[in-house]
Structure formats: structure tokens, C-alpha cells
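Please look at the sequence and the structure together, and keep both in view while you read the paragraphs that follow.

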Amino acid sequence: MTPTSSHEAAPPAPSLSGTPEPSESASPSRRELNKAATRSSIAAAALDLLRSNGSGNFTVEDIAAVAGVSRRTFFNYFPSLEAALASVADGFMDHALEQFRLRPADESILESAQAALMALADPMSVAPMAELFSLTQDNRSLARSELEAWEHCTEQIIDAARSRLGAGISELYLHALAGSVISCGKAAMTVWFAERGPDLSAESLAVLRQHLIDAMGLLGAGFAPPSDASPQTATASPSVPTTTDRF
């Protein structure tokens, strides 16, 4: 059980989005909202300390103090400091999956994934994930945080695809699909960082968003050799099969 101290009702940071746990009721309860706020506050505190102190210069106890919770409460939400940092990417993935689930059931997985990314019109939606990626590039001791973020995204993609395609779908198919999507996401982030560095301006994040969309288009098109058209033009409408036995 999670302690219910008065600190746990702290509001979440604006840039981070916690996800309330599933509930049988149509609306989340106050307890669930408080838990989501606490989780978000802990993640925000971890990221703030990474920004200000740098890698290796803060502890779980420091994070708990900034978040206004006990050490025990921290471990009720996260198994490690790295896991708390990795969770800053949850909000982006949650929003993308919300859009994915709104897509037609007979649409191919990758067409839905690309459309979901395009629906996130605000480039700032990728800011938390981009910042985590940027901060961990020069601090390889935090590579575990980045790895945990990608692993969590992989699990969510598998769950979303299984929900779309049914419980009987091959586990190999699901894991190969999720692994391919994540690899394209990593490629988009790597190219963006090489081009823009730690620039988190709206303009720079718009470039990252487009790279993510284009990477999904390339995957959906089977990585056909690029034409003379620009990447955005070439991948805006990928030729992706819409049968349920293909990506």
C-alpha cells in the first residue's frame, strides 16, 4: 500500500504526464489521481536534479526531498533512480497510444502509428522524451534510464498491438513489430540529436516529430530505396498493407 501523507496530493509538473492506474469506475478516484500526481512529482524532481546537479550527483533521498515524499514512498512508485528518470517519457507514449486506439481497427498497425504521431500536432509533446535523450547522451552512466524508457515503450506497443489484433496473435509477431517500431524511434532521435544537439526549442522539436513520422513511414514502406522526393514527401503517405496479418 502507498502511504497517504498530505504530500502525495502534490500537483504534477506541467511537462510530465502521469497515468492513473486502471479503475473499474468511469472516472478515476481521488486516490488514483493523488497517486498519479505523486508519481509525476517524483519523476519531475528526478529530472530537475539531473538538469541542475548532473549525472551521479544526486540520490534517491534527494529526489524524495524535492518531491516532498519519503524514501519509502519513492520506492513504492519506482524501483530505482533510473526508473524514475525513465518515466518522464511516459506522457508522450500515453498520448500517442491514445491516438493509436482511435484509429480504424482494420487499418495496418504502422499506418495507425504514423497517424497517431501526426495527430500529436504540438511539437512540445515530445519534449520530455527528447530532453531525457539529450541529457543521457553525454552521461553514459545514465544509459540504463534511457534503456528503461525504451523498454517501457516496447511493452506498451505490444499491449496496444495485441489489443488491436486479438489474443491469438503470434508473440513473435508482436515482439518483432514492437522492436522494429522502437528501433525506428531510436533512429529518429539519434539523427535529430546529431542535427540539433540539445536544442529543445519548438522548431527543433518539430523536426524530431517529423523524423518520428518519417521513420514510421519508412518502416511501413518496407524501407524501399528513397526516391528523389524529400523525406517528408516520400513518407507522408506510405504504401502500407492494411491486412491484419501484416504490419
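Which residues does leucine 85 touch, not counting residues up to four places away in sequence? Leucine 85 touches Ala46, Leu47, Leu50, Phe58, Leu132, Leu142 and Ser145, where contact means heavy atoms within 4.5 Å. Before going further, note that this is a predicted model, in which local features need pLDDT of at least 70 and side-chain atom pairs count only at pLDDT 80 or more, while totals for chains, interfaces and linings use all residues. Residues are numbered from 1 along each chain as its sequence is written, and side-chain values use heavy atoms, with hydrogens and water left out.

Leucine 85 also belongs to the largest nonpolar core, which has 65 residues and in which Ile42, Ile63, Leu85 and Leu208 touch the most other members. A nonpolar core is a set of buried Ala, Val, Leu, Ile, Met, Phe, Trp, Tyr and Cys residues joined through side-chain atoms within 4.5 Å; buried means under 20% relative accessible area, exposed means over 50%, and partly exposed lies in between, for a 1.4 Å probe and protein chains only. Helix 9 (residues 171-196) gives the most to this core, with 10 residues; helices here are DSSP runs of H or I with at least four residues, numbered from the N terminus. In soluble globular proteins, nonpolar side chains tend to be buried together.

From the core we can turn to a pair of helices. Helix 6 (residues 109-119) and helix 10 (residues 202-220) pack at an angle of about 170°, and their axes are 9 Å apart; the axes are lines fitted to C-alpha atoms over the stretch in contact, and angles run from 0 to 180 degrees between N-to-C directions. The two helices are therefore roughly antiparallel to each other, a term that applies to angles over 145 degrees. On the side of helix 6, the residues that meet helix 10 are Leu110, Ala113, Gln114, Leu117 and Met118, and among their partners in helix 10 are Arg209, Leu212 and Met216.

Methionine 216, found in helix 10, is buried, with a relative accessible area of 4%. Leaving aside neighbours within four places in sequence, methionine 216 is in contact with Ala113, Gln114, Leu117, Val181, Cys184 and Gly185. Methionine 216 and cysteine 184 are 32 residues apart in sequence, and their C-alpha atoms are 6.8 Å apart in space.

The structure holds 8 salt bridges, each being a side-chain nitrogen of Lys or Arg within 4 Å of a carboxyl oxygen of Asp or Glu. One of them joins arginine 39 and aspartate 90, at 3.3 Å from N to O. Arginine 39 lies in helix 1 (residues 30-53) and aspartate 90 in helix 5 (residues 90-101), so the pair ties together parts that are 51 residues apart in sequence. Arginine 39 is partly exposed, with a relative accessible area of 24%, whereas aspartate 90 is buried, at 9%.

Because they are 3 residues apart in helix 8 (residues 143-165), arginine 162 and aspartate 159 are separated by about one helical turn. Finally, Asp48, Arg51 and Glu131 are linked in a network of salt bridges.

Technical notes. Parallel < 35°, antiparallel > 145°, perpendicular 65-115°, else oblique.
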